[in-house]
Amino acid sequence: MSLLDCLVGIMLCALLLNPLLRASAQLATKQMQYEKTQSLISEAERAFELMGHAIRVAGYQNIRTKNSSNKPTDSKWFIQVNKKVGYRGSDSLSIQHGLSDGVDFDCIGNVLSKERTRKDLAFQGFIVERQAGIAKGAKVNGGSLICQSLDRQGRVQNTTLMNGINHLLVDDISPPQSTVGMGDSAPRLYKISLQMTDGALIKLDFERTFATRNMP
């Protein structure tokens, strides 16, 4: 076989292989994006589960251990939303609640006990902050969702739950009490909006609405 024949053969092989290699590279890229998307969806659902649970237990008071200083007029302090205080103007959510007669957990899975309360109330907070340990100007995949809870000395501790949070919005969308016909027993509604990102091409928007169970 002549040198020319070898070169022609190599060129034909390259012509046949190039489309296959391109297709393989595109498939690998799509698979990677799919896996990143599924991971972000899973993290968003986890965030919603934790914040939704906190909203549902906000304001709970055990009748046996209820502190007389926690009067109904103080109910506005059981759940608070602070606007544009976090990463990229994200909102923060904080709630307080009493301990039940069962086993209660905070947002990082600690079993709640009297030591982890203030005035017999447990505290849980959620805020998005810039990822720790990242140099200024470096590219990051969103901010970190922080769980705020009380340690055994009743002090606030911050724990990173997850990264990839581009934006968090919390809105009280409760209708005026006078329009719902339920008086003070009507639950409050909170809409939580999350934008998740991989820091590159993927940005996913999620939204859930949760209702309180223990406070108007």
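Predicted model: local features only at pLDDT ≥ 70, side-chain atom pairs only at ≥ 80, totals over all residues.

Colleague: Okay. Where does Ser193 lie, in terms of strands?

Modeller: In strand E6, which covers residues 189-197.

Colleague: And is Ser193 buried or exposed?

Modeller: Ser193 is buried, because its relative accessible area is 15% and the cut-off for buried is under 20%.

Colleague: What about E4 and E5, how do they pair?

Modeller: In the antiparallel sense, over seven bridges; E4 is residues 143-150 and E5 is residues 156-172. As an example, Leu145 has Met162 of E5 as its bridge partner.

Colleague: How many residues sit between the strands in that hairpin of E4 and E5?

Modeller: Five, and Gly154 in this hairpin takes a positive phi near 75 degrees.

Colleague: Let's stay with E5 for a moment. What does Asp171 touch?

Modeller: Asp171 is in strand E5. Leaving out residues up to four places away in sequence, Asp171 touches Lys83, Leu189, Tyr190 and Lys191. Asp171 and Leu189 are 18 residues apart in sequence, with their C-alpha atoms 8.4 Å apart in space.

Colleague: And what do the side chains of Asp171 and Lys83 make?

Modeller: A polar contact, at 2.8 Å. Lys83, Asp91 and Asp171 are also linked in a network of salt bridges. As for accessibility, Asp171 has a relative accessible area of 26%, so Asp171 counts as partly exposed.

Colleague: How many salt bridges does the count come to?

Modeller: Eight. Among them is one between Glu43 and Arg46, where the closest N and O atoms are 3.6 Å apart. Both residues lie in helix H1, three residues apart, which is about one turn of the helix.

Colleague: Why is Glu43 called partly exposed?

Modeller: Because its relative accessible area is 23%. Arg46 is partly exposed as well, at 34% relative accessibility.

Colleague: Give me another salt bridge. What does Asp151 meet?

Modeller: Arg155, with 3.1 Å from N to O between the side chains. Asp151 is buried, with a relative accessible area of 12%, while Arg155 counts as partly exposed at 48%.

Colleague: And which residue forms a salt bridge with Lys114?

Modeller: Asp120, and there the closest N and O atoms are 2.4 Å apart. Lys114 counts as exposed, at 56% relative accessibility. Asp120 is partly exposed, with a relative accessible area of 24%.

Colleague: Where is Asp120 placed?

Modeller: In the loop between E2 and E3. Asp120 has a positive phi of about 70 degrees although it is not a glycine. Lys119 is placed in the loop between E2 and E3 too, and its phi is positive as well, near 50 degrees. Lys119 counts as exposed, at 64% relative accessibility.

Colleague: New topic. How many disulfides does a search of the whole structure find?

Modeller: One. It is formed by Cys107 and Cys147, whose sulfur atoms are 1.9 Å apart. Cys107 lies in the loop between strand E2 (92-97) and strand E3 (122-129) and Cys147 in strand E4, so the pair ties together parts that are 40 residues apart in sequence.

Colleague: Why is the disulfide of Cys107 and Cys147 right-handed?

Modeller: Because the torsion about its S-S bond is about 70 degrees. Both Cys107 and Cys147 are buried.

Colleague: Is Phe48 buried or exposed?

Modeller: Buried, with a relative accessible area of 2%. Phe210 is buried too, with a relative accessible area of 12%.

Key:
Residues numbered from 1 in each chain as written. Heavy atoms only, no water. Helix = DSSP H or I, 4+ residues; strand = E, 2+ residues; numbered from the N terminus. Buried < 20%, exposed > 50% of the residue type's maximum accessible area, 1.4 Å probe, protein only. Pairing = 2+ DSSP bridges. Contact = heavy atoms within 4.5 Å. Polar contact = N/O pair within 3.5 Å; in protein donor to acceptor, adjacent residues only side chain to side chain. Disulfide = S-S within 2.5 Å. Salt bridge = Lys/Arg side-chain N within 4 Å of Asp/Glu carboxyl O.
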